[in-house]
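I want to look up a few side chains and write down what I find.

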Amino acid sequence: QVQLVESGGGLVQAGGSLSLSCAASGDSISRYAMGWFRRAPGKEREFVATISGSGNNTYYRNSAGGRFTISRDNDKNTVYLQMNNVKPGDAAVYYCAGGNIRVFSIKTMTTDKGFNCWGQGTQVTVYS
């Protein structure tokens, strides 16, 4: 099972940018669909963005579309989330996740059900 470690979180001004990274070890992430999820205080964990093993398929929550970009470098065993025009509503703990998902669809890639490997999370705090 792959181990995941997130980095890059921190304090960002509303309208600014932040880049998150997820370094994997223990297995090659090329076999895994990967994703970013987040949990804000008092809220359920929610889907942010996911990407298929090849990188050909990406999915975003509606509020992230056009602002966030998920990408992966299988050679470096790393997944990224570029966050632009960050909003106060984006403040949360961001988690990297991986799953052996073989069929890519909105149903399989926009929930956390198929993702069974999780990092510890990285905090994103947004100030105005």
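This is a predicted model: local features need pLDDT of at least 70, side-chain atom pairs count only at pLDDT 80 or more; totals for chains, interfaces and linings use all residues.

Which residues does glutamate 6 touch, not counting residues up to four places away in sequence? I get Ser21, Cys22, Trp36, Tyr94, Tyr95, Cys96, Gly119, Gln120, Gly121 and Thr122.

**Entry on glutamate 6.** I find glutamate 6 in strand S1, residues 3-7. Glutamate 6 is buried, yet I find no salt bridge for it. The nearest side chain of opposite charge belongs to arginine 45, 8.9 Å away.

**Entry on the cysteines.** My search of the whole structure turns up 1 disulfide. It joins cysteine 22 to cysteine 96, with S to S at 2.1 Å. The two partners sit 74 residues apart and link distant parts of the chain: cysteine 22 is in strand S3 (residues 18-25), and cysteine 96 is in strand S9 (residues 92-99). I read -80° about the S-S bond, which makes the link left-handed. Cysteine 22 and cysteine 96 are both buried.

Cysteine 117 is in no disulfide. From cysteine 117, the nearest cysteine sulfur is that of cysteine 96, 9.6 Å away. Is cysteine 117 buried or exposed? I have cysteine 117 down as buried, because its relative accessibility is 3%.

Notes:
Residues are numbered from 1 along each chain as its sequence is written. Side-chain values use heavy atoms; hydrogens and water are left out. A disulfide is a pair of cysteine sulfur atoms within 2.5 Å. Helices (H or I, at least four residues) and strands (E, at least two) are DSSP runs, numbered from the N terminus. Buried means under 20% relative accessible area, exposed over 50%, partly exposed in between (1.4 Å probe, protein chains only). Lys and Arg count as positive and Asp and Glu as negative; His and the chain ends are not counted. A salt bridge is a side-chain nitrogen of Lys or Arg within 4 Å of a carboxyl oxygen of Asp or Glu. Contact means heavy atoms within 4.5 Å.
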